Amino acid sequence: AGSWRGEVTLGFTADGKRDRRRVKGRTKTEVQEKLKALHVDLDKGIIPKAGSAAYMVQQAAEDWLREGLTGRAAKTVKKNENVLSPILKTIGGRKLRELTAAEVSLALCTMANTYSSAAVAMGHNALTRTIRHAESRDLVGRNVATLVDTPQGQAGRPSKSLTLEQAVAALRASGQDRPSLELPAGLKDRRRPASLMHAYIVLSLTTGLRTEEIRALRWDHVDLKGNPETRPPAPPHVSVWRSVRAHGDTKTEKSRRTLELPQVAVQTLCEWLNDQADERLEAGTRWQDNHLVFTTVTGTALDAANVRKMFRAVCRLAGIGDRWTPRELRHSFVSVMSHAGMATEEIAHLVGHSSSRTTEVVYRHELRPVIRS
């Protein structure tokens with residue numbers, strides 16, 4: 001009562017019933033417009049599925065996260081879910097077929113008020129892929145997210161580099177002669193041998209490895225002796241062949257590299273190897289032998305968040321503040337090497353960059369207060 005209805009018959013289903021698509025509205029004109037739009041879709045080869053008219057943006061996002069990212073790492077799925085969340089707060093309850101470009105623009109601008117430009121760009125990309133997934137299933141006729149420009153978000157936290165003096169202070173703080181490193185209250189494994197973070201920091205600052213590469217590093221990829229009998233002699237080295245990414249792959253092909261270890265790194269890793277052996281004995285049957293260089297007290301892989309907290313504890317002890325992250329040790333390696341006069345192309349080769357431009361523009365930070373050359 002009080003409404004108009006219309007329908008289009010598309011043929012017959014496999015069980016012999018008519019395959020209908022129905023529309024309804026408060027007025028005859030509204031129904032006619034909906035029927036006209038339905039015929040336009042059919043002329044384009046788009047056959048709307050039954051129930052697609054009530055299909056919400058929230059449902060589309062959930063379907064894409066569940067079906068469109070098959071085979072991707074759980075971390076990737078979670079990242080896309082996180083950047084879609086603020087957008088769905090604005091338009092998640094809208095019917096996908098009625099969503100307009102203006103509404104998408106409003107949702108992105110709302111997100112841009114509190115999120116960084118990078119996050120807004122990722123959110124826009126995730127929404128575009130969400131609607132494209134629905135398009136492929138004939139649940140919507142066009143992708144309105146492609147009609148909108150990505151707005152500028154808030155300035156993100158810029159990466160930075162330790163100066164040589166700050167790097168030395170962090171090394172000294174982590175390598176102080178004490179039985180353990182005191183960590184913030186509430187952190188799992190509150191007391192760990194100081195040599196754990198000392199070895200982690202030394203390896204980062206002397207090789208420029210990514211945090212994801214260090215956490216996945218295995219002892220069978222570390223040669224602490226080398227082989228002086230070969231020609232040319234093989235020095236102590238580390239083979240960077242794995243990371244914590246999906247399937248254990250490194251970030252790029254050039255990321256697979258073998259690097260000579262300086263003597264300070266060799267000595268520090270030897271000390272950590274002995275301390276880890278003590279942890280293995282103490283853990284007993286709880287120890288899980290994954291052959292990883294850096295582990296928890298039971299042999300499992302280190303969590304990125306815990307590494308970050310341990311590193312910040314060292315930075316506080318060093319008196320350089322606690323607004324540092326482990327990935328900035330890699331930035332520090334690049335910056336200190338550049339400051340010492342090493343060519344950017346050589347640094348790019350050491351850190352496994354596909355292009356020296358990435359090394360120069362993203363990772364290299366000018367450490368001199370005044371450029372005099």
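Is the crossing of H4 and H5 left-handed or right-handed? Residues are numbered from 1 along each chain as its sequence is written. In this predicted model, local features need pLDDT of at least 70 and side-chain atom pairs count only at pLDDT 80 or more, while totals for chains, interfaces and linings use all residues, and side-chain values use heavy atoms, without hydrogens or water.

**Stop 1: H4 and H5**

Select residues 101-112 for helix H4 and residues 117-136 for helix H5. Helices here are DSSP runs (H or I, at least four residues), numbered from the N terminus. The two axes come within 9 Å and cross at roughly 150°. H4 is therefore roughly antiparallel to H5 (the term for angles over 145 degrees). Axes are lines fitted to C-alpha atoms over the stretch in contact, with angles from 0 to 180 degrees between N-to-C directions. The crossing is right-handed: the near helix is turned clockwise from the far one by less than a right angle.

Now show side chains. Val104, Leu108, Met111 and Ala112 of H4 touch Ala119, Val120, His124 and Leu127 of H5 (contact means heavy atoms within 4.5 Å). Seven of these residues are nonpolar, one is polar and none is charged. Ala, Val, Leu, Ile, Met, Phe, Trp, Tyr, Cys and Pro count as nonpolar, Asp, Glu, Lys and Arg as charged, and the others, Gly among them, as polar.

**Stop 2: H3 and H4**

The axes of H3 and H4 come within 9 Å and cross at roughly 125°. That makes H3 oblique to H4. The crossing of H3 and H4 is right-handed. Pick Val83, Pro86, Ile87, Thr90 and Ile91 in H3; they meet Glu103, Ala107, Leu108, Thr110 and Met111 in H4. This contact has seven nonpolar, two polar and one charged residues.

**Stop 3: the largest pocket**

Centre on Lys75, Thr211, Glu212, Arg245 and Arg327, which lie nearest the centre of the largest pocket. A pocket is an open set of points on a 1 Å grid over the protein atoms alone, with protein on both sides within 12 Å along at least five of seven lines; lining residues have an atom within 4 Å of a point. The largest pocket holds about 1400 Å³ of space, the volume filled by probe spheres set on grid points joined across faces, edges and corners. Its lining has 35 residues: 14 nonpolar, eight polar and 13 charged.

Definitions and conventions
Helices (H or I, at least four residues) and strands (E, at least two) are DSSP runs, numbered from the N terminus. Angles under 35 degrees count as roughly parallel, over 145 as roughly antiparallel, 65 to 115 as roughly perpendicular and the rest as oblique. On a 1 Å grid over the protein atoms alone, a cavity is a set of points where a 1.4 Å probe fits but cannot get out, and a pocket is an open set with protein on both sides within 12 Å along at least five of seven lines; lining residues have an atom within 4 Å of a point.
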